[in-house]
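Subject: Structure handover

Hello,

Here is the structure I said I would pass on. Please open it alongside this message, as the notes refer to residues by number.

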Amino acid sequence: MSMLSSSVNAVPKKQVHFISQRDAECLSPIPGAAMISITDPDKSEARLGNWDFLYRDSFYDGGYSENTINTMKGAFRLKYASYIDSKQAQDMVDYLAKLVDRGVSQVYVHCYFGVSRSGAIAMYLRDNYGFVENKEITKPNLTVLRLLQDPQRYEALIQGFEPMPVVARTSFHQKVLAAILAAVRFKG
């Protein structure tokens, strides 16, 4: 009987706690645990102390989709520069994978209110690595979640609206001059 009760009361092996910035700033660093800190671009970094594993990023709690990109066209990157992008998503995915590879089993993640951006990251950890979240995920930021699931999801569409780089054209006279110089070097 004691074996059954101990397994029922067992603490999950991998936990993700998504919390508000205020709660994160009140939390003392936990040995061996990681803190993922997400702040708004126009706000100061959270005051968090010396965590063994600390990852910081900054992007607004907003979203976009294929529709938004198609509507904004070439202005998309400028207008949505402060939202999560494919590079930020890939960097976070890589960092989370390294945490898991190192055996980190306690991850704390905060955003301002501790609901949507942090909830999306908690959902990603739950769905991809079996972490158990500390509370119900009710309003995850779907753009953050989709980009964590596939960092390149929107990149081709975005790039399709960006101007092509200008390739320098070589004039006829430049080609003739290059041919003459090559012939002179060959003979010399």
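The notes below go from the overall layout to the core, the aromatic residues and a few local details.

This is a predicted model, in which local features need pLDDT of at least 70 and side-chain atom pairs count only at pLDDT 80 or more, while totals for chains, interfaces and linings use all residues. Residues are numbered from 1 along each chain as its sequence is written, and side-chain values use heavy atoms, with hydrogens and water left out.

Overall layout

The protein has 9 helices and 5 strands; helices (H or I, at least four residues) and strands (E, at least two) are DSSP runs, numbered from the N terminus. Read from the N terminus, the order is α-β-α-β-β-α-α-α-β-α-β-α-α-α. Of the 188 residues, 37% are buried, where buried means under 20% relative accessible area, exposed over 50% and partly exposed in between (1.4 Å probe, protein chains only). Contact means heavy atoms within 4.5 Å. Among contacts between residues at least 6 apart in sequence, 64% join residues at least 24 apart.

The core

A nonpolar core is a set of buried Ala, Val, Leu, Ile, Met, Phe, Trp, Tyr and Cys residues joined through side-chain atoms within 4.5 Å. The largest one holds 37 residues, and Ile36, Met92, Leu96, Leu99, Val107 and Ile121 touch the most other members. At least two residues of this core come from each of strand 1 (15-20), strand 2 (34-39), strand 3 (53-58), helix 5 (86-101), strand 4 (106-111), helix 6 (117-129) and helix 7 (142-149). Ile121 is in contact with Ile36, Ile38, Met92, Leu96, Val109, Val144 and Leu148, leaving aside its neighbours within four places in sequence. Another core, of 8 residues, lies apart from the largest one and includes Ala24, Ala33, Trp51 and Tyr108.

Aromatic residues

Rings of Phe, Tyr and Trp (its six-membered ring) pair if their centres lie within 6.5 Å; planes under 30 degrees apart count as stacked, over 60 as edge-to-face and the rest as tilted. The count comes to 10 aromatic pairs. One of them joins Trp51 and Tyr108, which are tilted at 50° between the planes and lie 5.7 Å centre to centre. Trp51 is in the loop between strand 2 and strand 3 and Tyr108 is in strand 4, so this pair ties together parts that are 57 residues apart in sequence. Trp51 and Tyr108 are both buried.

Tyr55 and Tyr95 have ring centres 4.7 Å apart and planes at 35°, so this pair is tilted. Tyr55 belongs to strand 3 and Tyr95 to helix 5, 40 residues apart, and both residues are buried. One aromatic cluster is formed by Tyr60, Tyr64, Phe76, Tyr80, Tyr83 and Tyr154.

Local details

In helix 7, the buried residues are Thr143, Val144, Leu145, Leu147 and Leu148. They pack against helix 5 and helix 6. At the start of helix 7, a side-chain oxygen of Asn141 comes within 3.0 Å of the backbone nitrogen of Thr143.

His17 is in strand 1 and is buried, with a relative accessible area of 14%. Not counting residues up to four places away in sequence, His17 touches Gln106, Val107, Tyr108, Val109 and Asn134.

Regards

Conventions. A polar contact is a pair of N or O atoms within 3.5 Å; within protein, one must be able to donate a hydrogen and the other to accept it, and residues adjacent in sequence count only if both atoms are side-chain atoms.
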